[in-house]
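I opened this notebook to keep track of what I looked up, entry by entry.

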8 protein chains.
Amino acid sequence: MAAKKAKPIVGIIMGSSSDLEVMTAASTVLEELGVAHEIVVTSAHRSPKQTGEYAAGAKRRGLKVLIVGAGRAAHLAGAVAAQTNLPVLGVPLESGALAGVDALLSTVQMPSGVPVGTLAIGSAGAKNAALLAAQILALSDGALAGRLDRRKAKMAQDVPGVVKQVLPGGK
Amino acid sequence: MAAKKAKPIVGIIMGSSSDLEVMTAASTVLEELGVAHEIVVTSAHRSPKQTGEYAAGAKRRGLKVLIVGAGRAAHLAGAVAAQTNLPVLGVPLESGALAGVDALLSTVQMPSGVPVGTLAIGSAGAKNAALLAAQILALSDGALAGRLDRRKAKMAQDVPGVVKQVLPGGK
Amino acid sequence: MAAKKAKPIVGIIMGSSSDLEVMTAASTVLEELGVAHEIVVTSAHRSPKQTGEYAAGAKRRGLKVLIVGAGRAAHLAGAVAAQTNLPVLGVPLESGALAGVDALLSTVQMPSGVPVGTLAIGSAGAKNAALLAAQILALSDGALAGRLDRRKAKMAQDVPGVVKQVLPGGK
Amino acid sequence: MAAKKAKPIVGIIMGSSSDLEVMTAASTVLEELGVAHEIVVTSAHRSPKQTGEYAAGAKRRGLKVLIVGAGRAAHLAGAVAAQTNLPVLGVPLESGALAGVDALLSTVQMPSGVPVGTLAIGSAGAKNAALLAAQILALSDGALAGRLDRRKAKMAQDVPGVVKQVLPGGK
Amino acid sequence: MAAKKAKPIVGIIMGSSSDLEVMTAASTVLEELGVAHEIVVTSAHRSPKQTGEYAAGAKRRGLKVLIVGAGRAAHLAGAVAAQTNLPVLGVPLESGALAGVDALLSTVQMPSGVPVGTLAIGSAGAKNAALLAAQILALSDGALAGRLDRRKAKMAQDVPGVVKQVLPGGK
Amino acid sequence: MAAKKAKPIVGIIMGSSSDLEVMTAASTVLEELGVAHEIVVTSAHRSPKQTGEYAAGAKRRGLKVLIVGAGRAAHLAGAVAAQTNLPVLGVPLESGALAGVDALLSTVQMPSGVPVGTLAIGSAGAKNAALLAAQILALSDGALAGRLDRRKAKMAQDVPGVVKQVLPGGK
Amino acid sequence: MAAKKAKPIVGIIMGSSSDLEVMTAASTVLEELGVAHEIVVTSAHRSPKQTGEYAAGAKRRGLKVLIVGAGRAAHLAGAVAAQTNLPVLGVPLESGALAGVDALLSTVQMPSGVPVGTLAIGSAGAKNAALLAAQILALSDGALAGRLDRRKAKMAQDVPGVVKQVLPGGK
Amino acid sequence: MAAKKAKPIVGIIMGSSSDLEVMTAASTVLEELGVAHEIVVTSAHRSPKQTGEYAAGAKRRGLKVLIVGAGRAAHLAGAVAAQTNLPVLGVPLESGALAGVDALLSTVQMPSGVPVGTLAIGSAGAKNAALLAAQILALSDGALAGRLDRRKAKMAQDVPGVVKQVLPGGK
């Protein structure tokens, strides 16, 4: 029952509708884990006021963790973190010429005082942001912790170990 | 009426006809904003004399801002800036093996004394160079300033905010 | 009273005693915020068994968040995250020739399934890891949330704004 | 007389008092050119509200160009540009482990719609930001244009050309 | 006869079944050289216990050299090397946004005390890991040494030297 | 007549037959300029003896300039330069994961005492190596110098200059 | 007794006497492990003939593993590997402007057919090359294997684990 | 006698007097080899006209090879090469934050049609540019060729080969 939530407790935020495809990976993981969440498109640069208001009001609206994906000069996670003390998790996205290196450095190299917990570039990072959000929520949600533990155990079982032996004759 | 120009006031310069496709993005933005401009193909390396004469004569011909796109060892913006005190905006282009990193560093790392205001690699940079040129021109063109403000306001309105809530049942 | 803890709830882990100086920044922030924690030196490569046992037993011992700092091929955060579902926060450290870029990529580019929330390279990252840990703990500790909010408000007040006007006479 | 200004027309903005030393290079150039300006310390991350209000109100207060220096995940120039249509010039600063590469990419790789004209990393960039600001202002200030032209001419004269001939005897 | 092995003496280990295609290049080379080996899929992060047990038990099971391929934050070679004194050879794999640079640095920048002999990124590295393993085994297997020497001689003969002369007439 | 050569005076050397396509660009330029040359496939690593003998004997065979293209850990140009005092021009080739950055650094970062004049990565570099070789030969071949000057003049003429003016009406 | 060697079985090779300080770290580790070795200064570029002869004759002289350190365009390990089927271990050295990145890529990105097992940049790499050489030799030297195992066990014991608990009172 | 020159035949060009110290290394090598040369300080950006005139007139003044050193967005070698068909050799200099990587890419990544033969970053590159210039001149100067060959032979002799054997007793 613990996972049945009337209201979103995680916000998945991204800077552009074109990021929806990659960031949906985060939504899928949260849904599998039974974590209510919402998906938000808002930009640090194009809609700064909307972004600031969303971030500043997130805690009051019941959100607990914010996942933020952005590409290029990826300021969105930092802009959100500047306005809230909720944990903010950043996902650098590949966009443009630099394969996400720009987004990675823009997201992770935050100055002292305003943390963004940064995950890998792209969809692996999006999935892991969802898992890290769930791990955070599971600190006070035993049922969710159990689901995470079963998922981790199954993940280990799915790795096959020795798959083949090649024993050539003498030459 | 202020935007009705008999003569170009922005020059969009690039080093090769193969850069036309990307740099047309700058032209399109200027056209939308009603800014008269011209498109120039001239090379710092292959036609240095033509480049120098164009840059040195730009102010006299009525140009006010120069947008310069180039790839690889992208010297064109610097070569133009060396010959004029008009504001020069550089757009590093992707070309060859290095995804535009060479062009970015060649454009932005100008020595003290000869500035080039550098935008992002590729078409995002080309569009933004046009916007920055328009912002510069708008300092003395109230009508253009108004068009820029309306464009910025519309851009903010087009960002949707919360697009979806996912509320899984208990598990 | 909520912050008075009989037992550590955060582990600050690092791969070598030579990392103590940088990682102490995390300890200082946690101490200022009244968060009980312990400091651990254990290596993914030199003492893998000790590391695995510490990580696997961390939840049982009452720990809630793990902060892990390491340099070079910085596997420690990933090795810890492999053994627990507690949130793991990684701090890439400068060590050797590559200024921490190796540590950053080794920490942040985790494969899907095993997240490490990564902070900036060096002491800024260490401080921010402590703040992010506190933000996570504050989700269920209102007193800590209050302290974080006051800290954030004070941080904003300490930024001076306009500090000087320079109004040269005509020339 | 044109340069005698009762009020600042350029804002030199930086994220931290520790950036003052480098950014003073911009102030010095503006002072030499007789351009009234103000120096502002405000942070995109630590004082986002103050930063937003400063940027949004800059035009109304009579400012015409904004120079913004920041290090690491350098969001300040982008945060300012998000709130105004004044031209924003960015100066990436060296800070932390990555020699300003993080700041360069965070400043220059802005998404389409919100330009930041970026200069070189460090003090060369700070000086050039001031010169570019002056070039922009000179479009409608003939006296300033004259000062810029004389400065450029003098700069060319100060480069010595052939300084030495070495003519070894036969061997 | 020396190469006729009842049991594998080389382990080719990789973190994911998706790495099989690239790492098969190592298996093919070993098979051509008559070296018995086994192929193992086990993950440093998803199945750390299985990985640790495989590495710790490798010598006892008769293995002599371990080849380990992994991508992204490629900890697998280091995790194996932490548990054994058998020679460990690492192959960084391309995966995700960074073209294998992350895997290269994660594999090669091991701290003092736990070596991983690292080969090139991708299939060239996989082939060379197999050759280096064979060179190691050949130190005590004269027949294998002979096969390696013949292979090296043939490789040299297959390089054609001068292939064409172009002698244009005068112009 | 000067260009009518009975024997090759430029050697175009590459490490693998797979480099022929890119390096043919150098051959084409030399042929257009009437410079006799030969194309050689020899490897620093797979056929070191053949490479050493070719380089050491190049001057005796009448060669005057050596153009060397190689990818990855591109040692071929350096290996050739180690064995001759003929001018050696290096062309880094794209091959494998790193887009030619490895080849560039391996070719250009030669230690003091053994120069390799390095051109751009890929086919632009191959063409320019041929031009630089021709410039070197033209120091004592007036006819070739004339062909180079005409080629350079034509290149300048082919750059169009202003190609279009866009003069939007008022808005 | 097995370790008592009348003749060197490992060659530690470097390109310049200035590399002696860093590469001595490899010699020290081998001496601690009782492995006879010799130290050689020879250059791929300045003394290619001497280098080729040393590498080609190494096996005949009784050497079993070759450790090669070089900086910049570090071709030495590849030049040695081209001439022998002994295992070659490469150590990229910091030298010049690029912090060893050039040496790393020049050493590790070897083409298929000629492996170099590459260790970390600088002294950590030098030490680990010696350990990897010892691991290779220990495959047929039980006493050496024992010394390596004891060294590894002691290394694990020297890692302290929990070093401090910080338990702040309530605030 | 051939080396006794009444007039400079090599120009060593640099962008700033602050580059004199590094570029003097090129002058010293040329002086040792008896090659008459001149040292020129002229800037692509600050004194473009002087630079263009020097380059365009270099051949007429009797110069045969041009060595060009510059830092940051190092356009000087390209600007010179644009104006002459004399061979141009580029030396990227360390200056500012990026350790010469910007200068390397700005110098080497020239577009097809205008070659710059690029040497290593910094003083090693300056020395090698002088050697490459001498190799070019030696194609038509037998005495200089002889001096280069003796220098190369001496360089090889100065590399010591085996310097030490370490033969530990058994343990």
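I first noted how strands are counted: two strands pair if DSSP finds at least two bridges between them, and helices (H or I, at least four residues) and strands (E, at least two) are DSSP runs numbered from the N terminus. I also wrote down that this is a predicted model, in which local features need pLDDT of at least 70 and side-chain atom pairs count only at pLDDT 80 or more, while totals for chains, interfaces and linings use all residues. Residues are numbered from 1 along each chain as its sequence is written, chains are lettered from A and ligands numbered from 1 in the order in which they are written, and side-chain values use heavy atoms, with hydrogens and water left out.

Entry 1: I found β6(C) joined by 5 bridges to strand β2 (residues 37-41) of chain D, and the two run antiparallel. When I looked up C:Gly161, its bridge partner in β2(D) was D:Val41.

**Entry 2: the contact of C with D.** Taking contact as heavy atoms within 4.5 Å, I counted 20 residues from chain C and 30 residues from chain D. The buried area, which is the accessible area (1.4 Å probe) that two parts lose on being put together, summed over both, is about 2,000 Å², with 63% of it on carbon and sulfur atoms. On the side of chain C that touches chain D, α6 (142-157) and β6 (161-166) each supply at least two residues, and β6(C) gives the most, with 6 residues.

**Entry 3: the contact of C with A.** Here 40 residues of chain C are in contact with 40 residues of chain A, and the two chains bury about 3,200 Å² between them, 60% of it on carbon and sulfur atoms. In chain C, the residues that lose the most area to chain A are C:Asn85, C:Pro115 and C:Leu139, together 20% of what that side buries.

**Entry 4: inside chain B.** I asked myself why strand β4 (residues 88-93) of chain B can be called largely enclosed by the rest of the structure. It is because 6 of its 6 residues are buried, where buried means under 20% relative accessible area, exposed over 50% and partly exposed in between (1.4 Å probe, protein chains only). B:Val88, B:Gly90 and B:Pro92 point one way from β4(B), and B:Leu89, B:Val91 and B:Leu93 the other way. Strand β3 (residues 65-71) of chain B runs parallel to β4(B), joined by 6 bridges, and B:Gly69 stands opposite B:Val91.
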